[in-house]
Amino acid sequence: MLSFRSFATLALLISPIFGLPTKVAVTKVIGDKLQDSYIVKLKNGANKQATLSWLKSQFGAAAVISHDYDPSFLNAFAAKLPAAAIEALGANTDVEYITEDAIFHTHAAMTQKNAPWGLQRINGTAGLKGSDPSKLEYQYTYDENAGDGVDVYVVDTGIYTMHNEFQGRARWGWSYLTKDVLPMGVDGNGHGTHCAGTIGSRAYGVAKKASLIAVQVMSPAGSGLISDIVAGLDWVVKESRASGRPSVVSMSLGGGANPMMDDATNKTIDAGIHVVVAAGNSGDDASSYSPARVERAITVGASTIDDTRASFSCIGSAVDIFAPGQDVISTWIGLPDATNQISGTSMATPHVAGVVAYWLSRYPNLSPPALADKIKQHAVKGTLSGISGDTPNLLLQRPPLEEPHSN
């Protein structure tokens, strides 16, 4: 087996003829990490001590070895290393992989005792028939790190980011008003703030550690142009690629069937972004509307506290799942502690977007189709009344607490 020094010399000698060998890419961490700290896994049988000696001779005190693992366990070491050392290790054929040193956290289950009814309903299979949706006396048990490391783009009227319940996790992204990034905007309607609250606010949210990003495509009147929505999604795709973080789009909006709206939604999903959309509030077939009819999006109908389909909710095979959508309490505009209780498939959609973010905080590499399947597999089946024909009778549930955590 070649030592690191001899390998590097040989690589320089042969590169004019054969080209440099493929470098090992560093596995990036989703979430917290220790700056400039890495774990280097060598191939079985590789001479680790030769590599460590070379690091010390070349980089001296800049290479700090924190762990030298027993080769019978793992032929690997952990170290704080400068960029030049990582570059050189990536070209070493003895190296199997390099990963950033991540900070893991305990996954304690938390119970909120003053939750809105929608959170308790996605918390277990027991129904709440006859209960009062205006009370904040329901219980929600959840993983304390739900949504951590995940960006949720709320494509809507904006977000009142100064609301206390967002705890500094909400920020502005793109706005139709500037056709560009808007450092601080205004949600003049409240709809987007309400949706963001259900996704990830402290008191009303499903995924309480998610990052919430306002993509303002709708006016204070609650309407917007397709061209602006498409431009907002275009920005989301670029921003998500640049961040490298698992991303969700929540779109509680819609209109008549439109190929451009459908194409933009599909292109967003092609980029690996999980897209959740509202089925619509006209009570008819969701396949008549965009983006609800987009097959690869997760299209959401609305249910009531009595486990019935909300009378306004669209139906049909285009609907993927139902979630609480009638008399939902969440964050509102005007004051840092404002709330409002409103209804719509717009209110059901962010419950699902929150659950998607919850799953992604456990499995950040899940593809949109795979995660959509998980959502359906874990749903409560056959419990809703008012469902018939080809409309799926599936009611949203959060991930099980005992679900193993893995990337």
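How many helices and strands does the secondary structure of the protein chain come to? The secondary structure comprises 9 helices and 21 strands, where helices (H or I, at least four residues) and strands (E, at least two) are DSSP runs numbered from the N terminus. The model is predicted, so local features need pLDDT of at least 70 and side-chain atom pairs count only at pLDDT 80 or more, whereas totals for chains, interfaces and linings use all residues. Residues are numbered from 1 along each chain as its sequence is written, and side-chain values use heavy atoms, with hydrogens and water left out.

**Overall dimensions and packing**

- Taken along the principal axes, the C-alpha atoms of the protein chain fill a box of roughly 75 × 45 × 40 Å.
- The protein chain has 407 residues, of which 52% count as buried; buried means under 20% relative accessible area, exposed over 50%, and partly exposed in between (1.4 Å probe, protein chains only).
- Among contacts between residues at least 6 apart in sequence, 72% join residues at least 24 apart, a contact being heavy atoms within 4.5 Å.

**Open sheet of five strands**

- An open sheet is formed by 5 strands in the order S1-S5-S2-S4-S3, with mixed pairing; two strands pair if DSSP finds at least two bridges between them.
- S1 and strand S3 (64–68) stand at the edges with a single partner strand each, so one side of each is left without a neighbour in the sheet.
- S3 and strand S4 (residues 76–80) run antiparallel and are joined by 4 bridges.
- The bridge partner of His 67 in S4 is Ala 78.

- Strand S8 (residues 151–156) is mostly covered, 6 of its 6 residues being buried.
- Asp 151, Tyr 153 and Val 155 point one way from S8, while Val 152, Val 154 and Asp 156 point the other way, and all are buried.
- S8 runs parallel to strand S11 (residues 211–216), to which 6 bridges join it.
- S8 also pairs in the parallel sense with strand S12 (residues 247–251), over 4 bridges.
- Val 152 has Leu 212 as its bridge partner in S11 and stands opposite Val 248 in S12.

**Salt bridges**

- Side chains of opposite charge can pair when their charged atoms come close.
- The structure holds 13 salt bridges, each being a side-chain nitrogen of Lys or Arg within 4 Å of a carboxyl oxygen of Asp or Glu.
- One of them joins Lys 23 to Glu 87, with the closest N and O atoms 2.2 Å apart. Lys 23 lies in the loop between helix H1 (4–18) and strand S1 (26–27) and Glu 87 in helix H3 (residues 83–90), so the pair ties together parts that are 64 residues apart in sequence.
- Lys 23 is partly exposed at 41% relative accessibility, and Glu 87 is partly exposed at 45%.
- Lys 41 forms a salt bridge with Glu 96, the closest N and O atoms being 3.0 Å apart. This pair links distant parts of the chain, with Lys 41 in strand S2 (residues 33–42) and Glu 96 in strand S5 (residues 95–102), 55 residues apart.
- Lys 41 is buried at 7% relative accessibility, whereas Glu 96 is partly exposed with a relative accessible area of 40%.
- Lys 179 and Asp 228 meet through their side chains in a salt bridge (2.7 Å, N to O). Lys 179 lies in the loop between strand S9 (170–175) and strand S10 (180–181) and Asp 228 in helix H6 (residues 226–243), so the pair ties together parts that are 49 residues apart in sequence.
- Asp 228 is buried, with a relative accessible area of 9%.

**Surroundings of Lys 43**

- Lys 43 lies in the loop between S2 and helix H2 (48–59) and is partly exposed at 39% relative accessibility.
- Leaving aside neighbours within four places in sequence, Lys 43 is in contact with Asn 75, Thr 93, Asp 94, Val 95 and Glu 96.
- Lys 43 and Val 150 are 107 residues apart in sequence and, C-alpha to C-alpha, 33 Å apart in space.
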